[in-house]
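Trainee: I am new to this structure. Please take a close look at the ligand site and what it rests on.

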Amino acid sequence: MEVTPRVAEVDVRLVNVTKKFGDAIAVDAITLDVSDGEFFTLLGPSGCGKTTTLRMIGGFEQPTSGLIELKGVDVTFLPAYERDVNTVFQSYALFPHLTIYENVAFGLRRSGIKGDELKRRVGEAMELVQLIGYEKRVPAQLSGGQAQRVALARALVNEPAVLLLDEPLGALDLKLRKQMGIELKRIQREVGITFIYVTHDQEEAMTMSDRIAVMNKGRYEQLAGPETLYERPSTRFVAGFVGASNLLEGKVGSDGDDWTVTLPSGAVVRAPKSLGDIGSSGAIGVRPEKLTLLERGQQSKGNTLEGTVVDTSYLGVITQYVVEGKGGLRLLVSEQNIDRTTRSDTWRPGEQVTLTWKPEHGFVVGDAASA
Amino acid sequence: MGMIRRHPALVPLLLLLPGLVWLVSFYLAPNIQMFASSFWSGTLESGFSFSFSNWTNYTDALGKYQQQYARSIQYGFAATLICFAIAFPLAYFIAFKAGRARSALLFLVVAPFFTSYLLRTIGWRTILGDDSIILGPLKAAGLVDPAARFLDTPFAVIAGIAYNFVPFMILPIYVSLEKIDRRLLEAAQDLYATSWGAFRRVTLPLAMPGIFAGSLLTFIPAIGDFINAELLGNPNTTMVGNVIQRQFLVDRDYPTAAALSFMLMVLILAGVALYGRLLGTDELTSKAI
Ligand SMILES: Nc1ncnc2c1ncn2[C@@H]1O[C@H](COP(=O)(O)OP(=O)(O)OP(=O)(O)O)[C@@H](O)[C@H]1O
Ligand SMILES: [Mg+2]
């Protein structure tokens, strides 16, 4: 490997890409850059346009308008077989009539690679996905996880510039999914190929991705690294989709360096303006684990709200509470069970509490329209 | 029910029973009877007697009618090829391109079955006739010799067979094409196969079972057919089916008819076995590469 430092090159660029099916807009003027070697994820709920976006990059669907570039070359209308891109399909789409070896060799053979090089490269790919010994089987003789790895090997063996993965772990059970997720990340680091990964599972996205575009209704609402998405979600949708959050809605105001929100109960909460733009109808949010529960009457600096514990669930690592306040306020609080040093028992439903958090631990979401 | 629960091994037997009864009474028993009668000697009037020494029935029949056998194979083969050439593109179109017209087109494929086989074949006499809608205008335009004729030629017989059996080729091919997961074709394209490449490496191998079934369903009845040769051919286009039919129903020479039938069956079985080997699954896999 060269060690000369360089600015990350753009591998995939979408400019104003729109896809309509009849009158329905599946993808709505998306513009984004994916850099070389990046693990980039499109995250969003069902029907938000993730697959359609991926299919346009792969060449299986043509945009209604807009431009798609691969490595600086316009490929908008290039057929799939001429693109230096490979796909791991949601359903794997392994060739049922070919052995695993031939499945993996398929792309190489089409590119005219044969003999020892073919054998070597297929062998390497099989080793990478730890499927040595399965060469002679046919896809029907594989488990879901093995089929998924063959699909991965079949794509990776071609050493494409970009690998597209459409919910490749969707068909697996939770445990295998986590395991394969770690595997995928390892393989991506090892081969250094750009991955564009589609999922609706935020946990999966968070653990693997360098950057995530959170999509909703054909566009993305925020594009950032996992940490930023979690700590500073910029829209209500992102705050709700990535992790759990409490949104404090009310009358928005400004006080010096802080945004203020006056809740229906009359209580005022604050967040520093440096966290983002609240606009005229935004909200202040706070993650459940940033809230601290105090006995009623105990004083604290920062934001405080009063409420009553209505539900307690012990989840091992954490205990989760639902606290209700005045004016229909309902907050989720999670407390690490390590804090048992300060209090010998969990809070019980019915107990009166004061909730507190530092203003800078909250986040600010903007107007719905500013998404 | 209790008995089934206590003896689950009975289930497959029970499921097979109706078919077994049917096959034993209408296939196996008549075949044994036919096999026996192929070793008969004598006539209907004087009565038949069985003897293994009558194996000469076979050699006699073969010697006398080898031409008809050869013709049957040729015609059957030609008709099957024609059927394939017509059926594959059509089935492909219906499966991949027809969209909503699919069921309507499939209905049209089987629509001829609403008319009797005999009537349809007689209909071909009109179509192929000397002054028919095909030859008439061609002759009028001076494009073909006024003396040219289709009817009562091998061409007419083969055309008739192909026409009558083409649905049996279309339907199985259609079914196997229709079953192909479209994402496999995208996967092939994703892996640098052109449209033609994807067709050759994915569509065609996956359609093989349908092609296999279709060819058998066409070739087997075609080789034993006699109606087309009877209605559309001439005395020099008789097939083995015509001979068997005549021996059984006109000349009442049951031993010869039985020997001919038996040899035809063996011929077909041998052909199917060979064909199956050629297109067998192992072969399929390696050929697709
Ligand atoms: N071929 C098509 N014809 C018509 N509409 C389509 C087509 N493909 C997708 N759509 C529509 O476009 C929208 C986006 O679909 P897409 O498959 O991209 O969603 P997705 O984000 O991948 O969802 P999921 O998580 O369920 O896979 C959906 O509303 C879908 O119904
Ligand atoms: Mg999808």
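**The ligand site and its sheet**

Mentor: By class, the residues in the shell around ligand 1 are four nonpolar, five polar and two charged ones. The model is a predicted one. The shell itself consists of A:Phe21, A:Ala26, A:Pro45, A:Ser46, A:Gly47, A:Cys48, A:Gly49, A:Lys50, A:Thr51, A:Thr52 and A:Glu167.

A:Ser46 has a polar side-chain atom 2.5 Å from an oxygen atom of ligand 1. For A:Thr51, a polar side-chain atom lies 2.6 Å from an oxygen atom of ligand 1. A:Cys48 takes part through its backbone, with an N or O atom 3.2 Å from an oxygen atom of ligand 1. Ligand 1 exposes 640 Å² when taken alone, and the protein buries 58% of that.

Next comes the element behind part of this shell. Helix H1 of chain A, residues 50-58, supplies three residues, the largest share of the shell around ligand 1.

To place that helix, turn to the sheet. In chain A, six strands form an open sheet with mixed pairing, in the order S6-S7-S8-S3-S9-S10. Its edges are strand S6 (85-88) and strand S10 (219-224) of chain A; each has a single partner strand, so one side of each is left without a neighbour in the sheet. On average, neighbouring strands of this sheet are turned by 20° against each other, direction ignored.

Within the sheet, strand S3 (residues 39-43) and strand S8 (residues 194-199) of chain A pair in the parallel sense, over five bridges. One residue pair can be picked out to find this pairing in the model: A:Leu42 has A:Val198 in S8(A) as its bridge partner. H1(A) packs on the sheet and touches S3, S6, strand S7 (162-166), S8 and strand S9 (211-216) of chain A. The direction of H1(A) makes about 150° with that of S7(A). H1(A), then, both packs on the sheet and gives three residues to the shell around ligand 1.

Helix H4 of chain A, residues 144-156, lies across S6, S7 and S8 of chain A. H4(A) runs at about 175° to S6(A).

Strand S13 (residues 258-262) of chain A pairs with S14(A) in the antiparallel sense over five bridges. There, A:Thr260 has A:Arg270 in S14(A) as its bridge partner.

Conventions. Residues are numbered from 1 along each chain as its sequence is written. Chains are lettered from A and ligands numbered from 1 in the order in which they are written. This is a predicted model: local features need pLDDT of at least 70, side-chain atom pairs count only at pLDDT 80 or more; totals for chains, interfaces and linings use all residues. Side-chain values use heavy atoms; hydrogens and water are left out. A residue is near a molecule or strand if one of its heavy atoms lies within 4 Å of it. A polar contact is a pair of N or O atoms within 3.5 Å; within protein, one must be able to donate a hydrogen and the other to accept it, and residues adjacent in sequence count only if both atoms are side-chain atoms. Accessible areas come from the Shrake-Rupley method with a 1.4 Å probe; for residues, only the protein chains shown count as cover. Helices (H or I, at least four residues) and strands (E, at least two) are DSSP runs, numbered from the N terminus. Ala, Val, Leu, Ile, Met, Phe, Trp, Tyr, Cys and Pro count as nonpolar, Asp, Glu, Lys and Arg as charged, and the others, Gly among them, as polar. Two strands pair if DSSP finds at least two bridges between them. Axes are lines fitted to C-alpha atoms, for helices over the stretch in contact, and angles run from 0 to 180 degrees between N-to-C directions. Contact means heavy atoms within 4.5 Å.
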